[in-house]
Each structure stands twice: as C-alpha cells, then as structure tokens.
Amino acid sequence: MQRKWNPTSGLWEEVEEEDKVPVEQDEFCEKCKEDVLPDEYDCCPKCGGWIDTYEKGDVWNRGSGSTWGGSSYKPWWQKSTVAPASSYEASIYKPQTSLSGSWSSWGYGGYGGYSAAGGIGTIGSSLGWSSQRTDAYEMMKYKNQLDSLCTIVDPLVKHHLIWNGMEDTNYSVLEKSLICLDGTRLLEDGEKHLDVASGLAIHEKLHLIHTKPLNDWQKNMKETIIMQHGHWGWKLFLSVCNVLEDEYIEKQLKKTCPGYIAYIQATKDFYWKKYEDELTNPEESDFGDLFNSFLLQVRYPSVLSKRQKGRWGKHLNAISEILKDKLHKDTRLDMMMDVFNYFMGLAIVMEEEKEDCDGGKSGKGSEGSIIAAIESAEGAGIELTDEDKEMIEIALRLRKDETRDRGLKPGEEIIKEMGDLWDIIKTLLEGEKQEKIDENLAKQIKEMEDEDYSETKLSASDALTARQKKIIWRSVVPDASQSNRYKEDRDAMLPEINKLRRKISLYGNPLPLTIRNQKRGRLDKRVLHRIPMDRVDLFNVKIIKQDNPVDICLLVDESGSMGWGKIEMARRAAIAMKEALQDNPKVQLWVFGHSADESGTGNTEMFEYSGPKMADRPLACGAMRARYENRDGNAILASSQRVKEQSMSPHTQKLMIVFSDGQPSAQSYRGLPALQHTKKCVSKVENEGWDVIQVGFGVSKETMARMFKNYVQIEDMKYLANTLSKIIRKVLKI
C-alpha cells in the first residue's frame, strides 16, 4: 500500500501499489557511437563497454547548478536591468562583479588557507608616498570589506583575516582562527576578482564554523588509516573528506546567508572551469578518471562529461546511494568513511586486475612477462646467453617485487599512479600555491591598519577647488622618544594644568541647589516660626543641577610655518588642555593635527592624537611636529565631521579650539582666497552648533579677526590657563 494525495477530498488516501514494468529502450554507447540495447549488466552487447546509466539530475536536488540554491540565483545587486540604449547607459548598467584568491580550504596536515602574491615587485619607495602606498590602501579597503562579509556569516565565531605575507603563518586556520588569503589578483584587477575573493573568504569562515569536528575525527583516524591503507590511502581519505566537507559547509550557508551563495559560485566558476579539461581528460588512468568523475559529481556537476557518466555510471550511482540523505551534521562523517571504503575497495580490485594482466601478482606467476621479454629480444636478432636470460629474469622479478619492497599496502599503487592529477586535486581543494605579497607592501598594509588609515572627500561646495576635496586620516602611533617628549611637556606645563582644572572645574560637575518656601518636600527648620501665621510654605526641595555634556576638539596646525618654537607652544598647550579635561565625565575630548600636500597635491592630511577610540595611545600628542603646509578650512570641516561620527551624543554642545599661527598656506590655497575660505568653513561649523576659538601663536589680531569671531593670542605659556579659561567660559557661557 502507498499513500497518495487526493485533491478532490483534500485527504491522504491509501492506494494499491502499481506494478512497474521496466521499459526497454536503446541507449547511446560512447565507444561504438551508436544506440544499442543494453544487456542485463547495462553494458553494450557489441563492445562490452559501460552504457550511460548515470542518473540524471543531482543527488542532493541542487538543480542544474553546482552550488546550493542553484546557479541561476543572483543577488539583487547583480541582476540585469533593461538593455541600455547608448554607450553611456551601458557604462551605468555594467554588471557589477568584483572578488579573488585561490580556492583554499584546508591542507593534508590540517585546515588552512594558503595563497598569496605572485610576482609583485616593489613599486616605488618604501618610504613616503608612492604608487605602492596606494596599492596598500586599496588592499586594506578590500581586507575590511572581506572581513565584514566573514563577520556577517557568523558574528559569534571569531576570525583573523590577513593577506598572505603579512604574518609568518603555517595556515592552520582552525587552530588560530585564521583566514589567510591571496591578494595579488586584487592588485591586478580588484573589480574583476572581488567576487572571487569574497567567495574564498566566506568559504574559509564556514570552515572555522563547521569543520572542527571533522578535523578532530581525522586526527583520531590517522594512525588507523595509515596502518591499514598506507600513506597514499591516507591521502585519498583526506581528499574524499575534503570534497564532501566543502559541499556540506556550503549547504549551511544556504540556510544562514542565502544571499552569499553567488560569491561561492563565482569562486567555483573561476577555479573549476580553469581545470575542466584536466578533470575530463579521457587519457587519465582508470582510477584517476573515476575519482575526477566523483569530484565533479559532488562539487561541479555541470562539467561532468557524458563519457564519464557512461563509463562510470554504475559507480557514480552507487556513490550517490551512499551520499543520499546523509549530508548532515550527525551523518556526514559516516558518509565520508563509506565513500572512502568504496574507493579503496575499487583501488584494490583495479590493482589486482592490473597485476593479473601483467602476468600474476608480485613475485608470483610472472613467467609470462619473462618469456615475452626474452622472445622480444631474440626476435630483434639479439643473441642471449644463459647468463643474459638469468639477468633478465632477475631484473623483471625485482621490478615486480618493487611494490612489496616499498611497503605499499594493497591499492596504494593504483592511487599513486594518479601522478600529476593529485597536484590538480590539491589545488582545487587547498588552493594555488603562490609567492607571498611583496614584503614592503605587506609592511605598509600593516602600518596603515595600525594607523587606522582612511580617506574621505569633502563636497564640491565645501572645497575651494575640485582638486582639494581629499581628506586623509591617520591615527598616530608614538615611538619611545615621542612618548618621552609628552611626559616632559606635561611636567613643564603642570602648573598651568592645575590652574586649568580649577578654573574650568565647574563645567560638568554636579551643582547641589536648595529651593525653599515649597508646599511639600522636607520640613525647613529655619521657618518653623511661621506656623502660627498659618503659612504652609514650610518645606524645601533639594535638587542636583547637571551641566549638559560637551564635545571638545583641539585642532593643531602642523604646517612648516609652525616651526621655530611655535609647534612646541601649540603642542604643550594641547597637552595641558588634554590633561586638564580628560578626566571630566561630561567632556568628550579629541586632539587632531593637520598638514597638507605632503602625500599629494590637494590632499589635506589629518592626524588623530587623542579620542574615544585611542585609549591605548595616551602619549600620542608627543608626536606633534611641524610637517608641510596647511589648508585650515578643510581641516576644520574634516574635524567637525570626524567628531560627529565618533561622538556618543552628536547633538550636544561642541567646542573647537584651533591652535595655529593664523596663516593658511598650501598649494592653490594662499592669500585672501585662503582666508575667505577658512572664514566660510568656520561659519559653516558654527551654524551646525559649534563654538570655534582660535588660539594664535605669533599672529596678529587683525589676521585672526578675518577668519574667527572668537580668538586670543598666547605670547607666554605662563598665561595659558588664565587666557584660555576666560574665553572658554565666555563662549560656553558657564
């Protein structure tokens, strides 16, 4: 009996099973190149070869594609739009494909991703700015993008993503939670290979999430497998496990992040298509061709050739039965062992058949090959003595015993005969082995990461010219001498620091207030004499007045004109303000420096010395120095944007104190236009809620007045506390 759905009644009903009579039909014989009726063993009655009995479709119902979800799936950002009518529209609707790397998963000694650079030489100088530094920034951006994708796949599983060559690593991904990627193709063409690299990174993260149980099981099984089947059998075992594990983890991605399967497909298309000819090569050894067919059946079925389906159809069907309904967390290890045992059994059978064809097993029954060799020599006209015949017999028997002398287990010789094919399989499962990225490039990427290097742009209306929109941000990492300089400046300014703390200590501190003559609250003993007068306002209420939080930004001009002692005064003033305010719970403090045009014409370079995200570098202000030029207006706008991005309370009162010599000077940014632009930028941030004060060193009040509403001069550092506290209290109205 079987159950069928009755659409009329809307119920499941039991019905009699129908006897299915097999229908005989002609099948195509690949060898004879014609349709024939298979015999009872599904073989061609003419040539005896396998008929194409490989089951159509896919054992896991993945559809025609090779990735879970089907190859027809594309995320919304890659879907085609209406065909463009012009070349301009074509550039707009150009399909977006972008990611690279090698298809790394794990190696025979443990999981790991290897692949990296190949042949990238040093471009430009390792010092200063160069085209290679631009490459380093691009690579850092790609790394951040890939790192974000891996985090989204599973935020709870930690990972550390690097480019190959940035660290000395043995690629033990699971042990170190490491994802090591090849970045050289991104250097060559990032837009073309970005999707491929994304698929690689996601695949490696999936291994970190799911593969530890398999890795532990393999470690436990290693000794047993090698003892029973030798080192070549162990290699086959790992390859089978790798193939099936890769498919298993991608199935899990379909459940958690289905939108990312397009990245996996891009990576597989890039690598598996590349080796299609080798994997379908009819001249491959029998066992190698069968293993290739299995490899394609599981990982890339669309490439599996009709010849392979016909030749190995029975075996592929048998393997499909093993795989069916077992690609799950609790059953996949048993499935892997079953598939390995199947292949190992085939290898042993093929080896025995080969030995029988060669004249018997090793060391036994090899007379046929010995006689054939002697007859071949005599047929060529070579006269052989009894001694020559004895030497031939000894040589042939030694060659037959070679397998036994090397200690190979049954089936190992057949597995070993796959030869160069193992290199291709290793490449597809582990990744292409390439050289590491250039040492200087790796060093610059590491430095940029330590500096939190980033680039932004001002709007066209905010910049003086179109070439002056670029803003470069770096967080300063002080060396030992700069840290010592900070301590020296702090000690020298200690009297002024204490004065600043006292003079602006009211801001942000709780102020207790007592409100008297209330009708309810706590009884006020001072007015008890009013009771006979029938007064009811005999109570008081105590409240705590809290000042609103304030964001304070100290912006230091680090241009070349700040030399000759001005930069020392500005640095010490910034350090004094930082020390005086950094412990106030109501104050969020940032300290920035700025220069211009050193990295490129039109660039404004911003240096972050202190901020909420730089608690690990408290002495960084000691690194302030006179650098190059200054584009003050751009620096003021960039600073306000940075504080807004990082502030915990972006709508609170904000104060910016600019320490400078008052003379904007940079390429195409000098004279009256520079002064007017700075004034425009100051007005803009003030309209956004900022109060801006300039603290001038060696600059006239007339010059400051052309740019700022609030300004003071500092001619002697011993007056710093009095001068600054007065104008701060005036501007903030405290």
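The model is predicted. The sheet has eight strands with mixed pairing, while the serine, Ser725, is found in helix H24.

**The sheet**

- The strands of this open sheet follow the order E9-E10-E16-E15-E14-E17-E18-E19, and their pairing is mixed.
- The edges are formed by strand E9, residues 454-457, and strand E19, residues 710-713, each of which pairs on one side only.
- On average, and with direction ignored, neighbouring strands of this sheet are turned by 25 degrees against each other.

**The pair E14 and E15**

- Strand E14, covering residues 550-557, runs parallel to strand E15, covering residues 587-596, and the two are joined by eight bridges.
- Within this pairing, Val556 stands opposite Gly593 in E15.

**The helix across the sheet**

- Helix H21, made up of residues 632-646, lies across E9, E10, E14, E15, E16, E17 and E18.
- Relative to E15, helix H21 runs at about 145 degrees.

- Ser725 belongs to helix H24, which spans residues 720-732.
- Ser725 counts as buried because its relative accessibility is 4%, and buried means under 20%.
- The side chain of Ser725 reaches the backbone oxygen of Ala721, at 2.8 Å.
- When neighbours within four places in sequence are left aside, Ser725 is in contact with Lys503 and Ile504.

Notes: Residues numbered from 1 in each chain as written. Predicted model: local features only at pLDDT ≥ 70, side-chain atom pairs only at ≥ 80, totals over all residues. Heavy atoms only, no water. Helix = DSSP H or I, 4+ residues; strand = E, 2+ residues; numbered from the N terminus. Buried < 20%, exposed > 50% of the residue type's maximum accessible area, 1.4 Å probe, protein only. Polar contact = N/O pair within 3.5 Å; in protein donor to acceptor, adjacent residues only side chain to side chain. Contact = heavy atoms within 4.5 Å. Pairing = 2+ DSSP bridges. Axes fitted to C-alpha atoms, helices over the stretch in contact; angles between N-to-C directions.
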